[in-house]
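My entries follow the structure itself.

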Amino acid sequence: MSGAGVLRDTGRGYLLSTPALALFVGLLVLPLLLTLVLSFNVFDYEVGVKGDAWTLAQYLNLVTDSYFYEIFFRTFWISALVTLLCVVIGVPEAYILSRMGAPWRSIFLILILTPLLISVVVRAFGWSLLLGADGLVNQAIQALGGRPVKLLYTPFAVILALVHVMLPFMIIPVWTSLQKLDRSAEQAALSLGATQAKVMRLVVLPQVMPGVLSGTLIVFGLSASSFAIPGLLGGRRLKMVATVVYDQYLSELNWPMGATIAVALLLVNLLVMLSWNRLVESRYKKSLGE
């Protein structure tokens, strides 16, 4: 193909991608830039946001106030624990799903995906009915002769509900990676005397690591920025970053501070996820002998 033809095809490709690029810029890049600009605006409780005045006061307040350190620490340890639980539960579940035959594979895949069709708010209310003081869980405990346990508005409730919501986002990437797995490699390892545990560790796990990596990144990112679950099941005392951003915007009406916390959450989230991505990829390449 001549150089003119290559340029023509390249130009046509850019032209065809223009609507998607415009949508990306309009719905993601532009709002993020406006949020970043807002975080530097001066806020006064008497007059509100001063769009023509700029300050670093919000960022200084964020890095000097121990209250925000506590909120960010709680957000990320809960997100990390949710991610770990999703790996422990989701990877074996995806492996079992990949070994199922028809029609059970389709049935269980539908069961895994069906919760995604239900609003997170509805599922959060469902968990509140189960874990409340008069919920089904406490009723069962009392029926067995025990005393009611405080489950709602605790980290346990938030973690449990987040695992329930995020588990499909772990199972699907791992299951997709398992579809590319060569089962003859497993059978060869077993025929040579390797135990099933050794086959899982040395043959299966290295090949599904890209799916595990994708799942952990999705689950951690969504958990760290989750709002509905912490807001409804964590209550006013167990705050996470997203609920604090909500309070700053709608309760305090301090939009610059809310924007500052949102920007900080995005940056820290990106830092954690990129570091984890590099660590897992380096170990994955090392396991393959590259």
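Where is leucine 253 found? I located leucine 253 in the loop between α11 (241-251) and α12 (255-287). Helices here are DSSP runs of H or I with at least four residues, numbered from the N terminus. Leucine 253 is not a glycine, yet its phi is positive, near 60°.

I noted the ground rules. This is a predicted model, where local features need pLDDT of at least 70 and side-chain atom pairs count only at pLDDT 80 or more, while totals for chains, interfaces and linings use all residues. Residues are numbered from 1 along each chain as its sequence is written, and side-chain values use heavy atoms, with hydrogens and water left out.

Next I looked up tyrosine 153. Its place is in the loop between α6 (136-143) and α7. Tyrosine 153 also has a positive phi, about 60°, although it is not a glycine. Tyrosine 153 is partly exposed, with a relative accessible area of 44% (partly exposed lies between buried, under 20%, and exposed, over 50%, with a 1.4 Å probe and protein chains only).

Then I turned to the nonpolar cores (buried Ala, Val, Leu, Ile, Met, Phe, Trp, Tyr and Cys residues joined through side-chain atoms within 4.5 Å). The largest has 40 residues, and Leu233 is among those with the most contacts inside it. α7 gives the most to this core, with 14 residues. A second, separate core of 14 residues includes Phe72 and Leu265.

Last, I checked leucine 233. Beyond its neighbours within four places in sequence, leucine 233 is in contact (heavy atoms within 4.5 Å) with residues including Trp127, Tyr153 and Val158.

Technical notes: Helix = DSSP H or I, 4+ residues; strand = E, 2+ residues; numbered from the N terminus.
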